[in-house]
Amino acid sequence: MKYYFAPLEGITGFVFRRLHHKYFGGPDKYYMPFVSAMEKGKIKKREKRDILPENNENIPAVPQILTNSSLDFLDTAEMITELGYPEISINLGCPALSVVKRGKGSGFLSNPDKLDRFLDEVFNGMEKRGITLISENWEGEELKSPDKPSVRLSVKTRIGRRDSEVVPKLIEIYNRYPMSELTVHPRVGKDFYRGTPDLEAFRAFYEESRHPLVYNGDIYAEDDLQKIKEMFPKVQNIMIGRGLLQDPALIRRFNGFEGADKDELKAFTAELYQQYRVEMETPGAGGINAVNRMKELWGFLSVNFSEKERCIRKILRAKNPVEYESAVREIWQ
Ligand SMILES: Cc1cc2nc3c(=O)[nH]c(=O)nc-3n(C[C@H](O)[C@H](O)[C@H](O)COP(=O)(O)O)c2cc1C
């Protein structure tokens with residue numbers, strides 16, 4: 001079984017990835033939060049910093065691109081391939097309204113014909129630019145021998161924008177392109193993270209997709225994993241997001257090793273905060289960026305501190321580093 005860390009925009013940036021890898025390890029790949037492709041391969045400064053190889057040294061990190069323009073995708077993918085990454089993920093799942101209403105992310109799923117054209121232009125366009133695409137079948141055999149430069153294109157998808165009626169069409173479209181893996185988060189965009197994953201929709205992919213499938217959605221504990229393994233025994237790859245924020249050692253545990261202990265969590269969160277103080281500081285911010293970033297994480301870690309509810313509330317309400325640091329000191333007492 002392979003386990004991947006899901007991309008979590010606003011949380012799993014390079015500082016987080018490096019420290020998670022250092023303290024807990026476990027994921028076979030770390031998917032990076034998406035970069036928005038703009039004209040001529042340009043991306044925002046902050047996003048560029050996140051994908052720079054020197055910020056991801058020795059981490060199996062996979063950049064992800066969000067766009068509905070094949071030209072912008074190709075320019076950005078070419079730039080990323082030149083940086084030396086072996087895989088690029090295509091985001092077809094983002095549910096944010098600002099993204100969806102521009103026909104991107106899960107918004108793209110409500111226009112399957114346009115999506116089909118986009119994928120056609122993307123997959124053929126890479127080859128036309130002299131970049132060999134590597135893909136594999138379910139048994140892991142490479143369908144093309146690697147040439148230089150080469151890259152894998154994988155897709156991360158939801159099962160629709162408003163409803164899952166589009167699933168058969170999506171499967172048919174995805175089956176036409178040599179993607180290296182297909183990650184399915186079986187929710188529709190409209191549901192954001194509400195409700196439970198639609199496992200029957202996932203089953204349709206399981207039965208009909210020709211690509212190696214990655215299951216993603218609501219894996220928080222061993223029981224959740226067992227259920228997916230039993231229902232879909234051929235699935236060899238699992239992607240986990242929020243479960244790893246609640247328990248950063250979840251994959252390590254799934255691999256048969258120790259769970260996270262208190263000292264480890266304490267050291268991890270302390271170093272994370274210190275590095276955010278340096279990396280995220282802007283003129284006049286006085287540390288609040290780092291505090292806010294840590295509060296996001298504590299929102300998930302809080303499940304481990306049910307007997308310290310009052311301290312957690314203090315952390316989540318902290319308005320500056322002094323309040324944050326004092327609340328954190330209390331939680332470890
Ligand atoms: C705060 C947050 C940010 C996310 N950012 C991204 C992203 O940049 N790209 C992406 O493909 N999915 C993104 N997702 C979706 C997750 O990668 C994942 O598909 C989803 O959380 C379901 O998996 P989980 O139940 O294991 O968390 C995000 C989810 C959350 C909660």
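Glutamate 181 is buried, its relative accessible area being 8%, where buried denotes a value under 20%, exposed one over 50%, and partly exposed anything in between (1.4 Å probe, protein chains only). The structure is a predicted model, in which local features need pLDDT of at least 70 and side-chain atom pairs count only at pLDDT 80 or more, whereas totals for chains, interfaces and linings use all residues. Residues are numbered from 1 along each chain as its sequence is written, and side-chain values use heavy atoms, with hydrogens and water left out.

The side chain of glutamate 181 meets that of lysine 29 in a salt bridge, with an N to O distance of 2.9 Å; the term is applied to a side-chain nitrogen of Lys or Arg within 4 Å of a carboxyl oxygen of Asp or Glu. Because lysine 29 belongs to strand 2 (residues 29-36) and glutamate 181 to the loop between helix 6 (167-174) and strand 7, the pair ties together parts that are 152 residues apart in sequence; helices (H or I, at least four residues) and strands (E, at least two) are DSSP runs, numbered from the N terminus. Lysine 29 is likewise buried, at a relative accessible area of 14%. Both residues take part in a network of salt bridges that links Lys29, Glu87 and Glu181.

In one of them, glutamate 172 pairs with arginine 176, the closest N and O atoms lying 3.7 Å apart.

Histidine 185 is placed in the loop between strand 7 (182-184) and helix 7 (199-208). With a relative accessibility of 6%, histidine 185 counts as buried. When its neighbours within four places in sequence are set aside, histidine 185 is in contact with Thr157, Arg158, Ile159, Tyr193, Asn216 and Gly217, contact being defined as heavy atoms within 4.5 Å.
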